Amino acid sequence: MTPLLKLSRVDALWGALALAAVLATAAFAREQIARAARPANAVGRRTINAIEPRTINDGARIAEAGIIVGDSAAPVRVVEFLDFECRYCQRFQRTLAELRARHPKGVAVVYRHFPISRVGYSLPAAVAAECAAAQGRFESFAELLFAAQDTLARVVLEAAALQAGVSDTARFRACRAGPAARARVDEDIRAATRLGITATPTVLVADQLLVGEVPLEKLELLMRTASKERRVR
């Protein structure tokens, strides 16, 4: 009986190893399927900071539209195409805030919308942000949306607007229901599409387009270059 017992144990061991291999293969396959199903920006965001700047021809025109935060007369505008569900956009706000704190008269930030998912919560959040901006409360409203990013589905936008200092909630409600704010978001999306943008954040300084969380030092270098070019012209 002993040889048979040893054989059954060996068989059991090989069976367990085979089962583990099958489970590992299945897990790997699930990960590959999930990776393929993610939006392109979700996959690319891990390495997008390695992408070199791309020169475009109509940077000044792109910077003229959107929501301006800071001194509108500043010699340099940094444009960000953002998505309120993008964690990288959330983190990048600290960099932009530091940039403005260092150069309060030298730079303004222009926010333009590029909600990656048209079926998630980014699009209604973008429309609501436009309506908050119409009452001068974009910055505080955007901070609340980013702070609640993990629970954006449960955010009551009107309550968030009130918390952000939007005084006329009836006007805010009518703005969200009307066509104008959505039209501005759609124009931002069309501008991003024309530029070939596929990920957020995407940043534009003068005629230099960069994808990802651009470091503060890089932004300052681009600012100095843009300022020199303006003086030359």
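Which residue in β5 does Glu80 stand opposite? Glu80 faces Val203 in β5.

1. A quick word on the model. This is a predicted model, where local features need pLDDT of at least 70, side-chain atom pairs count only at pLDDT 80 or more, and totals for chains, interfaces and linings use all residues. Residues are numbered from 1 along each chain as its sequence is written, and side-chain values use heavy atoms, leaving out hydrogens and water.

2. Now the sheet. Strands count as paired if DSSP finds at least two bridges between them.

3. Strand β3 (residues 76–82) and strand β5 (residues 202–205) run antiparallel, joined by 4 bridges.

4. Next, two helices (DSSP runs of H or I, at least four residues). Helix α5 (residues 122–133) packs with α9 at an angle of about 115°, axes 9 Å apart. Axes are lines fitted to C-alpha atoms, for helices over the stretch in contact (heavy atoms within 4.5 Å), and angles run from 0 to 180 degrees between N-to-C directions.

5. α5 also packs with helix α6 (residues 138–147), at about 150° with axes 8 Å apart. That makes α5 roughly antiparallel to α6 (the label for angles over 145 degrees). From α5, Ala125, Ala128, Ala129, Ala132 and Ala133 make the contact, with Phe138, Phe141 and Leu145 from α6.

How values were computed
Parallel < 35°, antiparallel > 145°, perpendicular 65-115°, else oblique.
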